Amino acid sequence: MNLITKTAMIAGAFALIGSAVFAQTADDALRYGMLSTGTTARSLAIGGAAGSLGADYSAASVNPAGLGIYRQSEFTITPSLRMNNNSSNYLGENTNDDRTALKLNNANLVFNNSSNKGGWKGVTFAIGFNKLADFNNNVTYRGLNGNSSFSEVFAESAQAYGVDESAGPYGYLGYESYLLDNNLRSVPYRNIIEQGGRLDQMKTASTKGAVNEYTFSLGANYDDKLMIGGTLGVTSYRFKRITDFMEADATGSTTNGFDRFTFREDLQTTGVGVNGKFGIIVAPDKAFRIGASIHTPTWITLSDYVDYNVVANVEDGFGTRTVVPKNIYQYDYTLRTPWRGVLSATGFFGNKGFITADYEYVPYQSMSYRFSGNTDYQLDVNKSINELYRGASNVRVGAEYRVMAPLSVRAGFALYGNPYSDKYSDLGSNRTDYSAGLGYRFGSNTFLDLTYMYSTSTFKENAYVVSGVAPDVATTKTNRSIVALTLGFRF
């Protein structure tokens, strides 16, 4: 049994376990567990390394002890332009797709009360939000398949659970659209694949949404030697995905009982979570700081709303049929994301600049679901998470140099480790970020930061899963560019 087949059994076949309508998989858990750190333009420019530098609002979501370094109150806001370009390969064919969106990365208010006396020099309270994940993307892949048909997914569900809508959408959709014969076998497979023909397949997935963290943070400073801080994070989750899978007869025949069909899944997920972050920064010398922080798991309550339809033509003289289930399927469940640990250090070159670095460890295999009323499925999907994922190391490095009093230049690099375990590492890749930026100070109370970041990563997915058939795999390389602008006011 090859790697991809074993992975399909673990990660892709859950729609047929215990219920025909469950949709949450290990991949969904990873979507909400993989987060980024840089949210202000300055923190993006230095690779997101905000663990020990301090006096930047990104610290609230990385190491809140950095808030203790503030000496003034502050308001900042960061809009960003995000541009995704995806190149996919499926069955030997390459397809490109892209998406551009204007988003708000962060907005915050920092209230600082400090003095020049010894001992406890000041306390800082901060409130605002940081965007920790952005789901806006388009992915398309296409190819000619002589091995299997997506409609076999409908056939398996119909054979296991029947064709009534109450048993789940797949069997019902396949049968009512005449993509299944009276023996509940796939018509495209029987009429095309078994006869030596091929099917033209195309999948498009358009996604929107984000993970935003609303932070309530407190940081304190003891004699510029010790900074401590904590954050209560309330996370909001919005994810919308419209997936269209099109399959068409590629033989050119108009008399073989199948022309084409399109299956659409419209998924909307909303949720809210809560977590805690606690950190410390020690400055044994003015030229050096070290920091450490721990992030608790985020406990999330999520709701999925899923709608389906099939538009099909089986060349029976009645034209195109559209089948829409009467129900919109709803699932309520909880997810626990992984905890995180961050170690960091910053070295200063007088008042001319600094070099800073973060090391972050994330045990993705510790994620887990909880479903009410389906413990068998819960055990299976949590077991798959434990087998598919591993602890990953993330490294972020950045530097800033003050060219002249009002102008600084910055650069950064980040490497986010592949979350897949050694046995399944081919399914994902490391993500690398490269960034550069400028900062300009208008007097003592107003500043403007501009950053460009380029990110690249690769992932693989099974187009669909049919029992006993090695799945066809699509490989997508994603290149993302972000232009971020932070405007800040100190008071």
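A: We begin with a convention on residue classes: Ala, Val, Leu, Ile, Met, Phe, Trp, Tyr, Cys and Pro count as nonpolar, Asp, Glu, Lys and Arg as charged, and the others, Gly among them, as polar. The model is predicted. With these classes, the lining of the largest cavity divides into three nonpolar, nine polar and four charged residues.

Q: How many residues line the largest cavity, and which lie nearest its centre?

A: The general idea is that rolling a probe the size of a water molecule over the atoms shows where empty space is left. In this structure, the largest cavity holds about 160 Å³ of space. Its lining consists of 16 residues, and Leu35, Leu132, Lys277, His295 and Arg340 lie nearest the centre.

Q: How many cavities of 30 Å³ or more does a search of the whole structure find?

A: The search finds two. The second largest cavity contains about 90 Å³ of space. Of the 13 residues that line it, Ala55, Asp56, Glu74, Phe447 and Asp449 are the closest to its centre. The elements that contribute two or more residues to this lining are β1 (74–90), β18 and β19. By class, the lining of the second largest cavity has four nonpolar, three polar and six charged residues.

Q: How much space lies in the second largest pocket, and which elements give two or more residues to its lining?

A: About 1100 Å³ of space lies in the second largest pocket. The elements in question are β7 (260–285), β8 (288–295), β13 (353–363), β15 (391–404), β16 (407–416), β17 and β18. Its lining has 40 residues, of which Ala55, Ile69, Arg289, Phe348 and Arg402 lie nearest the centre. Divided by class, the residues of this lining are twelve nonpolar, 13 polar and 15 charged.

Q: In what sense do β17 and β18 pair, and over how many bridges?

A: For strands in general, the side chains of a regular strand alternate between the two faces of the sheet. Here, β17 (residues 431–442) and β18 (residues 446–462) pair in the antiparallel sense over eleven bridges.

Q: How does β18 pair with strand β19, and over how many bridges?

A: β18 and β19 (residues 473–490) also pair in the antiparallel sense, over 17 bridges. Thr446 has Phe489 as its bridge partner in β19.

Q: Is Ala205 buried or exposed?

A: A residue counts as buried under 20% relative accessible area. Ala205 has a relative accessible area of 16%, and it is therefore buried. This residue lies in strand β5 (residues 199–222). Leaving aside residues up to four places away in sequence, Ala205 touches Asn137, Asn138, Val139, Ile242 and Thr243. Ala205 and Tyr308 are 103 residues apart in sequence and 14 Å apart in space, C-alpha to C-alpha.

Q: What does the radius of gyration say about the protein chain as a whole?

A: The secondary structure of the chain comes to seven helices and 19 strands. The radius of gyration is 26 Å, close to the 23 Å that the globule rule gives for 491 residues, so the chain is as compact as a globular protein of that length. Along the principal axes, the C-alpha atoms fill a box of roughly 85 × 45 × 40 Å. Of the 491 residues, 55% count as buried. Among contacts with a separation of 6 or more, residues 24 or more positions apart account for 72%.

Note on methods
Residues numbered from 1 in each chain as written. Predicted model: local features only at pLDDT ≥ 70, side-chain atom pairs only at ≥ 80, totals over all residues. Heavy atoms only, no water. Pairing = 2+ DSSP bridges. Helix = DSSP H or I, 4+ residues; strand = E, 2+ residues; numbered from the N terminus. 1 Å grid on protein atoms, 1.4 Å probe; cavity = no way out; pocket = protein on both sides within 12 Å on 5 of 7 lines; lining within 4 Å. Points joined across faces, edges and corners; volume = space filled by probe spheres on them. Buried < 20%, exposed > 50% of the residue type's maximum accessible area, 1.4 Å probe, protein only. Contact = heavy atoms within 4.5 Å. Rg over C-alpha atoms; globule rule 2.2 N^0.38 Å.
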